[in-house]
Amino acid sequence: MASNTDIILGADALGPTAVVAASSALAPDALRNRPQDALIVLMAGRELGFAPMQSLRMLSVIKGKVTLSADATVALVRKSGECVEWRCIETTPTRATYTTKRKGDTEPTVLTWTIEQAQRAGLTGGQGWRSYPEAMLRARCASALARIVYPDLVAGIYDPDELATPLDSIKVEPVQAKAQALAVDVVEIVPASEPSTEDRRRALISSMMLVEYDAPAFVEELISRDGLDLGTAPIDRLEAAVRYLGTPKGAAHIAGWAAKRDAAMGQTVSYEEGER
């Protein structure tokens, strides 16, 4: 019987790349030692026009879904040739408004996302929303607008924030009470248990992605100088990295790093006939 690795190697031309990537210490946490997931990410990236390394950096798997950050989703739309105009016309801690016009449309489409909408959707419990409400509203508004106007380009692609669950959420559990004699069901609100180290690690990585979709790769490149990666770095080191990303110096640092990445993204990618 063929092994799992043999199946992956023969499933697609990107199979060998997936096996190598998943076995690398530099692989994203969600893909490490999971070549089958790495293959799905690579194949999804290929459909979007990304080279293999771009796919590994830009796409993630959260709760079984392929995710692409809002910035990357907008970049995908704008480089498609279908987008005539894309502008942010309002950004405050309580509102974000974008307008876009697709080729062939007579009028632009305008969409606004408010903090009230985010609260109703249960999104504002995370640290990213508390620290960077303007950026989070822009991300949600941009992702939603892209799906409304360009569904054929971003079908099946999710924003990481859409699949995130706040760590400080409240869980409701039914309990037995003395009132049972009166046939009364009592519901007690119990604070969520203290998150585990791995939960905190995942939350910190998600916070990095809210600053810049490729921030985890940027941080891993920095801490690799000390022989660390996102999967093994101490939690306080990752917390310091998140704080650094929020400073002017950190923002300038990652902006320069991202500019080089974006320049590479603008290059035309072609595949051999056998890879499709």
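These legends describe close-up views of a predicted model.

**View 1. Strand 4 and strand 5 form an antiparallel pair.**
Strand 4 covers residues 95-102 and strand 5 covers residues 109-114. The two strands are joined by six bridges. At one of these positions, Arg95 has Thr114 of strand 5 as its bridge partner. Six residues lie between the strands of this hairpin. In the hairpin, Gly104 adopts a positive phi near 95°.

**View 2. Ser55 is a buried residue of helix 4.**
Helix 4 spans residues 52-58 and includes Ser55. The relative accessibility of Ser55 is 0%, and buried means under 20%, so Ser55 counts as buried. When neighbours within four places in sequence are left aside, Ser55 is in contact with Val41, Leu42, Gly45, Arg46 and Phe50.

**View 3. Glu82 and Arg102 form a salt bridge.**
Side chains of opposite charge can pair when their charged atoms come close. In the pair of Glu82 and Arg102, the closest N and O atoms are 3.3 Å apart. Glu82 is partly exposed because its relative accessibility is 25%, whereas Arg102 has a relative accessible area of 14% and is buried.

**View 4. Glu85 and Arg87 are joined by a salt bridge.**
The side chains of Glu85 and Arg87 meet with an N to O distance of 2.9 Å. Glu85 is partly exposed, at a relative accessible area of 27%. Arg87 is also partly exposed, and its relative accessible area is 44%.

**View 5. A salt bridge links Glu90 and Arg95.**
Here the N to O distance between the two side chains is 3.2 Å. Glu90 has a relative accessible area of 26% and therefore counts as partly exposed. Arg95, with a relative accessibility of 33%, is partly exposed as well.

Key:
Residues are numbered from 1 along each chain as its sequence is written. This is a predicted model: local features need pLDDT of at least 70, side-chain atom pairs count only at pLDDT 80 or more; totals for chains, interfaces and linings use all residues. Side-chain values use heavy atoms; hydrogens and water are left out. Two strands pair if DSSP finds at least two bridges between them. Helices (H or I, at least four residues) and strands (E, at least two) are DSSP runs, numbered from the N terminus. Buried means under 20% relative accessible area, exposed over 50%, partly exposed in between (1.4 Å probe, protein chains only). Contact means heavy atoms within 4.5 Å. A salt bridge is a side-chain nitrogen of Lys or Arg within 4 Å of a carboxyl oxygen of Asp or Glu.
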